[in-house]
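My notes go down in the order I looked things up.

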Amino acid sequence: MTSRFDQLADQVLAGKPATEDDALAVLRAHDDELLDVVAAAARLRREHFGNTVKVNYLVNLKSGLCPENCNYCSQALGSTADILKYKWLSTEEALEQAAAGLKGGATRVCMVSSGRGPTNKDVERVADMVGTLKTEHPEVEVCACLGLLKDGQAERLRDAGVDAYNHNINTAESHHDQIVQTHTYADRVDTVAKAKQAGLSPCSGLIAGLGETDEQLVEALFALRELESDSIPVNFLMPFDGTPFENTWELTPARCVLILAMARFVCPDREVRIAGGREMHLRSLQGLALHVANSIFLGDYLTSEGQAAQADLELIADHGFVVLGSQDDADGARGSVDPAKRRRGAGTVVAPNA
Ligand code: SF4
């Protein structure tokens with residue numbers, strides 16, 4: 001029997017966009033419909049992205065010490081989260097980090113700095129890093145994420161070789177003022193528009209689990225569709241101790257899959273990226289989520305550690321996907337790993353794996 005979500009996929013594939021009611025229905029699917037939702041959303045994913053997974057790598061150029069008060073952020077003003085804090089990396093340090101990500105299989109490097117927005121000097125610093133990175137790795141895609149942009153800065157970054165600019169709307173306009181007070185939703189939208197006008201590929205997404213309603217999650221996704229965001233990072237709140245959202249746990253693994261599926265139905269041909277909080281919230285459903293989303297970050301996040309990069313690559317291969325731009329992508333080859341020989345538990349003096 002064809003599920004109601006398959007019918008929705010048929011409709012979207014036929015060119016009729018999902019409505020807000022459709023999106024809400026996906027978000028509110030019953031537990032016993034989870035696989036129906038994934039199977040239907042996977043058809044859209046395969047239609048636009050085949051069996052590829054885009055792998056992105058974050059380089060945190062400047063960490064912590066931010067004057068803004070985004071309540072979810074470990075780097076924010078007032079956060080007492082015990083994170084790494086440092087000022088700008090040098091060009092050499094940034095390149096060393098980026099090279100590690102590229103070696104691991106990433107095709108896009110996301111160069112991020114904390115702060116309200118860059119000064120023109122900061123933009124020049126990043127322009128220099130990007131120029132050097134592109135000289136050494138001409139094939140790499142670079143996304144900059146430096147905060148709110150002033151006039152002319154997006155154009156300067158584009159001229160330096162930046163391909164995309166990330167600035168998340170984070171949540172629905174109707175919920176924005178509950179999560180940050182030092183800048184407005186309109187400020188965020190303005191920066192996405194500036195990036196797009198300059199010819200940079202707009203990357204803008206959200207964070208789920210911030211106390212928003214289902215309707216507000218749908219509102220945020222439709223806003224991203226309206227903004228024509230090419231890439232949509234979907235973050236799941238990591239509730240750092242020392243931030244206003246500490247001890248806020250609103251998400252389940254199945255809920256996270258439904259949120260990603262909703263994003264896929266609303267924006268079927270856009271890169272839907274499973275972003276921060278993937279391991280913590282999706283847990284053993286990370287693989288299922290890859291049948292809906294088509295992009296991940298490799299390795300670590302800005303201020304938190306992800307699972308081992310090798311585990312990310314195995315996750316992709318185990319689910320029958322290939323890393324976009326890799327040799328596997330080119331020739332359809334599949335890797336293999338030797339079984340890890342047991343050296344603990346019975347027959348050893350080492351504690352068992354239990
Ligand atoms: S999200 Fe960005 S602007 Fe907001 S506090 Fe964190 S680093 Fe600062």
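This is a predicted model: local features need pLDDT of at least 70, side-chain atom pairs count only at pLDDT 80 or more; totals for chains, interfaces and linings use all residues.

What percentage of the 354 residues in the protein chain do buried residues make up? I get 46%, where buried means 20 or more other C-beta atoms within 10 Å of a residue's own, exposed means 12 or fewer, partly exposed is in between, and C-beta atoms are placed from the backbone.

I number residues from 1 along each chain as its sequence is written.

**Overall build**

I looked up the secondary structure and found 14 helices and ten strands in the protein chain. These are DSSP runs numbered from the N terminus, helices being H or I with at least four residues and strands E with at least two. The C-alpha trace spans about 60 × 55 × 45 Å along its principal axes. I then checked the radius of gyration: the chain has 20 Å, which agrees with the value near 20 Å for a compact globule of 354 residues. That radius is taken over C-alpha atoms, and the globule rule is 2.2 Å times the number of residues to the power 0.38.

Next came contacts, meaning pairs with C-beta atoms (placed from the backbone) within 7 Å. Of those between residues at least 6 apart in sequence, 76% join residues at least 24 apart.

**Ligand**

Which residues surround the ligand? I listed Cys66, Glu68, Cys70, Cys73, Gln75, Ala76, Ser114, Arg116 and Gly147, using a C-beta atom, placed from the backbone, within 6 Å as the test.

**Helix H8**

H8 covers residues 185-197, and its 13 residues reach 18 Å from first C-alpha to last, close to the 18 Å expected at 1.5 Å a residue. The expected span is 1.5 Å times one less than the number of residues. I marked Arg188, Thr191, Val192, Lys194 and Ala195 as its buried residues. Seen down the axis of H8, they fall within an arc of 160 degrees, so they line one face of the helix; the arc is that of the directions from the helix axis to the C-beta atoms. The face turned away from that side carries exposed Ala186 and Gln197. Among what covers the buried residues of H8 are helix H6 (153-160) and helix H9 (214-227). Gly199, with a positive phi near 95 degrees, follows H8.

**Helix H3**

I turned to H3 (residues 34-49), whose 16 residues reach 21 Å, close to the expected 22 Å. Its buried residues include Val37, Leu44 and Phe49. The buried residues of H3 pack against helix H1 (4-13), helix H2 (20-27), strand S1 (52-62), H10 and helix H12 (286-290). After H3 comes Gly50, where phi is positive, near 55 degrees.

**Two asparagines**

Most residues other than glycine have a negative phi. Asn170 has a positive one, near 75 degrees, and is found in the loop between strand S4 (164-166) and helix H7 (173-179). Is Asn170 buried or exposed? Asn170 counts as buried because it has 23 C-beta neighbours inside 10 Å.

Asn247 also has a positive phi, near 65 degrees. I placed Asn247 in the loop between strand S7 (231-236) and helix H10 (253-266). Asn247 has 7 C-beta neighbours inside 10 Å, so it counts as exposed.

Notes:
Two residues are in contact if their C-beta atoms, placed from the backbone, lie within 7 Å.
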